[in-house]
Amino acid sequence: MLTSKQRNYLRKLAADQPDIIYVGKEGISDTLIAQTKEAVIARELIKGKVQKNALVDADQAGRELAEAIKAELVCTIGSKFVLYKKNLLKTRIE
């Protein structure tokens with residue numbers, strides 16, 4: 001569980017990052033979960049975007065992906081969401 005200070009810090013770090021994960025009309029599929037898991041292992045902090053034609057909103061997509069890969073949902077802003085999962089082998093964010 002993240003504290004509010006940690007969430008604010010991660011939100012600042014994510015502001016400069018590009019969107020990596022895109023949720024489209026197919027919603028949360030197994031391939032999207034696998035891609036998200038690989039991306040969060042490599043980067044620890046990832047930003048995703050929900051496309052206009054998607055059947056889910058950003059909050060729901062962020063929560064489902066976070067639960068599927070056992071990560072933390074940092075925030076949702078509009079159609080974007082930020083996920084964080086600490087990599088115990090290669091910690092990049094302190």
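Modeller: Accessible areas come from the Shrake-Rupley method with a 1.4 Å probe, and for residues only the protein chains shown count as cover; on that basis the chain exposes about 6,100 Å², of which carbon and sulfur atoms supply 51%. This is a predicted model, in which local features need pLDDT of at least 70 and side-chain atom pairs count only at pLDDT 80 or more, while totals for chains, interfaces and linings use all residues. Residues are numbered from 1 along each chain as its sequence is written, and side-chain values use heavy atoms, with hydrogens and water left out.

Colleague: What makes the radius of gyration of the chain agree with that of a compact globule?

Modeller: The globule rule, applied over C-alpha atoms, is 2.2 Å times the number of residues to the power 0.38; for 94 residues it gives a value near 12 Å, and the chain has 12 Å, which is why the two agree. The C-alpha atoms fill a box of roughly 35 × 25 × 25 Å along the principal axes.

Colleague: Which pattern does the chain follow along the sequence?

Modeller: Taking helices as DSSP runs of H or I with at least four residues and strands as runs of E with at least two, numbered from the N terminus, the chain has three helices and four strands, in the pattern α-β-α-β-α-β-β.

Colleague: Why is Gly 62 called buried?

Modeller: Buried means under 20% relative accessible area (exposed is over 50%, partly exposed lies in between, with a 1.4 Å probe and protein chains only); Gly 62 has 0%, and therefore counts as buried. Gly 62 is found in helix 3, residues 58-69, and, leaving aside neighbours within four places in sequence, has heavy atoms within 4.5 Å, the cut-off for a contact, of Leu 73, Phe 81 and Leu 83.

Colleague: Which residues touch the most other members of the largest nonpolar core?

Modeller: A nonpolar core is a set of buried Ala, Val, Leu, Ile, Met, Phe, Trp, Tyr and Cys residues joined through side-chain atoms within 4.5 Å; the largest has 19 residues, and Ile 21, Val 23, Val 50, Leu 65, Phe 81 and Leu 83 touch the most other members. Strand 1 (21-23), helix 2 (30-43), strand 2 (45-50), helix 3 and strand 4 (80-84) each give two or more residues to this core, and helix 3 gives the most, with five. A second, separate core of nine residues includes Leu 10, Ala 14, Val 74 and Ile 93.

Colleague: How do you know what share of the contacts joins residues at least 24 apart?

Modeller: Among contacts in the chain between residues at least 6 apart in sequence, 66% join residues at least 24 apart.
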